Amino acid sequence: MRAYFRNIYEGLKSAVAGLRVTFGYLFKKSVTVHYPFEEVKVANGFRGLHHLKVDICIACNQCANACPVSCIEQTFDRIDKENVLVSRFSIDYNKCLFCWYCIPVCPTECITMGAEYELATFDRKSLDYDLVARGERTAKRNMTLFREEFVQVIEKVREKKPELAEKAEGLMGDPRVGLCGRNPEKDKSASSGFVEEEADSQASVSEEVAP
Ligand code: SF4
Ligand code: SF4
């Protein structure tokens with residue numbers, strides 16, 4: 001009989017201990033974010049997608065030589081002794097380890113790693129990024145959610161989180177948001193699989209599909 005009540009006591013005690021932890025977190029500020037509708041802030045020194053200042057790249061190939069997985073390739077034309085025209089600088093993110101080895105070896109400090117981390121895609125070929133073609137787009141956001149799925153996600157959250165749905169709809173019209181995947185015309189025009197459409201055409205596509 002004594003053991004019976006002791007078991008009840010132990011059970012209640014452990015339940016209270018567990019609930020105390022749960023309630024402790026219930027009133028703390030949330031550390032999660034509503035990705036992809038909210039941007040995740042990365043720490044200083046985060047090794048995200050590469051940036052290239054192509055105008056000061058001297059095509060010395062040091063970065064490619066330092067890369068342990070040989071995922072950097074360059075195409076360039078030497079104009080004269082001092083000038084070189086880099087027409088393609090590709091990094092295959094199927095292979096890149098984000099190890100940073102390519103950064104300190106660069107003599108002109110033209111290659112760096114930024115804060116972008118969004119690489120999700122349904123097409124592995126699209127992970128071969130051409131940094132020259134991307135240019136300033138490197139600093140812009142590439143959202144790889146399929147357009148139709150994006151609309152569905154918005155509809156799902158609308159009831160419970162109308163403000164989030166509104167924000168997401170705003171993103172649909174944001175030219176910085178690259179929507180890639182099921183648009184064969186776009187796939188044809190994208191030289192590296194990365195979203196290459198001009199801001200205007202992206203905005204107009206977004207308008208067409210926006211609910
Ligand atoms: S971060 Fe590492 S794996 Fe990626 S391109 Fe640079 S050297 Fe290669
Ligand atoms: S090490 Fe720097 S300058 Fe040399 S090819 Fe790579 S990015 Fe260009």
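In the predicted model, Val151 is located in helix α4, which comprises residues 147–158. Val151 has 17 C-beta neighbours inside 10 Å and is therefore classed as partly exposed, since burial would require 20 or more such neighbours and exposure 12 or fewer. Along the chain, Val151 and Glu169 are 18 residues apart, and their C-alpha atoms are separated by 8.3 Å.

Helix α1 was examined for its length and its burial. This helix covers residues 2–26 and contains 25 residues. The number of buried residues in α1 is 0, so the helix lies largely in the open.

The strands β2, β3 and β5 form an open sheet, arranged in the order β2-β3-β5 with antiparallel pairing. Strands β2 (72–78) and β5 (128–130) are the edge strands, each of which pairs on one side only. On average, and with direction ignored, neighbouring strands of this sheet are turned by 15° against each other. Strand β3, formed by residues 84–92, is joined to β5 by 3 bridges, and the two strands run antiparallel. Within this pairing, Tyr129 of β5 is the bridge partner of Ile91.

In soluble globular proteins, nonpolar side chains tend to be buried together. The largest nonpolar core of the model consists of 14 residues. Among its members, Leu52, Phe89 and Leu131 touch the most other residues of the core. Both β3 and α3 (131–134) contribute to this core, each supplying at least two residues.

The surroundings of the two ligands were then considered in turn. Ligand 1 is surrounded by 13 residues, of which Cys67, Cys96, Cys99, Tyr101 and Cys102 are the closest. The shell around ligand 1 has 13 nonpolar residues, with no polar and no charged residues. Around ligand 2 there are likewise 13 residues, and those that come nearest are Cys57, Cys60, Gln62, Cys63 and Cys106. By class, the shell of ligand 2 is made up of 10 nonpolar and 3 polar residues, and charged residues are absent from it.

Definitions and conventions. Residues numbered from 1 in each chain as written. Chains lettered and ligands numbered in written order. Predicted model: local features only at pLDDT ≥ 70, side-chain atom pairs only at ≥ 80, totals over all residues. Near = placed C-beta within 6 Å. Nonpolar A, V, L, I, M, F, W, Y, C, P; charged D, E, K, R; others polar. Pairing = 2+ DSSP bridges. Helix = DSSP H or I, 4+ residues; strand = E, 2+ residues; numbered from the N terminus. Axes fitted to C-alpha atoms, helices over the stretch in contact; angles between N-to-C directions. Core = buried A, V, L, I, M, F, W, Y, C linked by C-beta atoms within 7 Å. Expected span 1.5 Å × (residues − 1).
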